[in-house]
Amino acid sequence: MPAADRVPAVLAAYRRHALAHPGLYRLATTGPLPRAALPGGLEEWAGSPFFLATDEPHLAQALWSYAHGMVLLELDHRYPDGSDLDLTWQAGARAFTASGRRSALDVP
């Protein structure tokens, strides 16, 4: 998949799954994370789509944070009536894709 398509694809899949399974999404993402009880490598595995989309760990973490916040706000109906959330998600995807291109240019 071309690099420019990775971020939009990850965000679309994340949103689609979270909205299709809101109870499971909240169960899996609410409250403190008991890292000591997780199987080794699980957290890295779960975050790998974001890293593969961005090729940079901090940008990947920021992308997940964006997606998680957007999903929660959407599930809680916190956006004003008439908001075109498809366009909001697309704007985020464009911003993260552009940010990744700028980061790659900054690396010597």
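Which residue does the side chain of D55 meet in a salt bridge? The partner is R6, and the N to O distance in this salt bridge is 3.7 Å, where the term salt bridge denotes a side-chain nitrogen of Lys or Arg within 4 Å of a carboxyl oxygen of Asp or Glu. Helices here are DSSP runs (H or I, at least four residues), as strands are (E, at least two), and they are numbered from the N terminus.

The structure is a predicted model, in which local features need pLDDT of at least 70 and side-chain atom pairs count only at pLDDT 80 or more, while totals for chains, interfaces and linings use all residues. Residues are numbered from 1 along each chain as its sequence is written, and side-chain values use heavy atoms, with hydrogens and water left out.

The two partners of the pair described above can also be placed by their accessibility, for which buried means under 20% relative accessible area, exposed means over 50%, and partly exposed covers the range in between (1.4 Å probe, protein chains only). D55 has a relative accessible area of 51% and is therefore exposed, whereas R6, at 27%, is partly exposed.

A search of the whole structure finds 5 salt bridges. One of them is formed by D86 and R15, whose closest N and O atoms are 2.7 Å apart. This pair again links distant parts of the chain, with D86 in helix α5 (residues 85-106) and R15 in helix α1, 71 residues apart. R15 counts as buried because its relative accessible area is 15%, while D86, with 45% relative accessibility, counts as partly exposed. Both residues also take part, together with E74, in a network of salt bridges.

A further salt bridge connects R26 with D76, and the closest N and O atoms of this pair are 2.4 Å apart. R26 is located in helix α2 (residues 22-29) and D76 in the loop between α4 and α5, so that the pair, 50 residues apart, links distant parts of the chain. R26 is partly exposed, with a relative accessible area of 30%, and D76 is likewise partly exposed, at 40%.

Helix α4 (residues 57-75) contains H58, which is exposed because its relative accessibility is 59%. The C-alpha atom of H58 is separated by 22 Å from that of A36, a residue 22 residues away along the chain.
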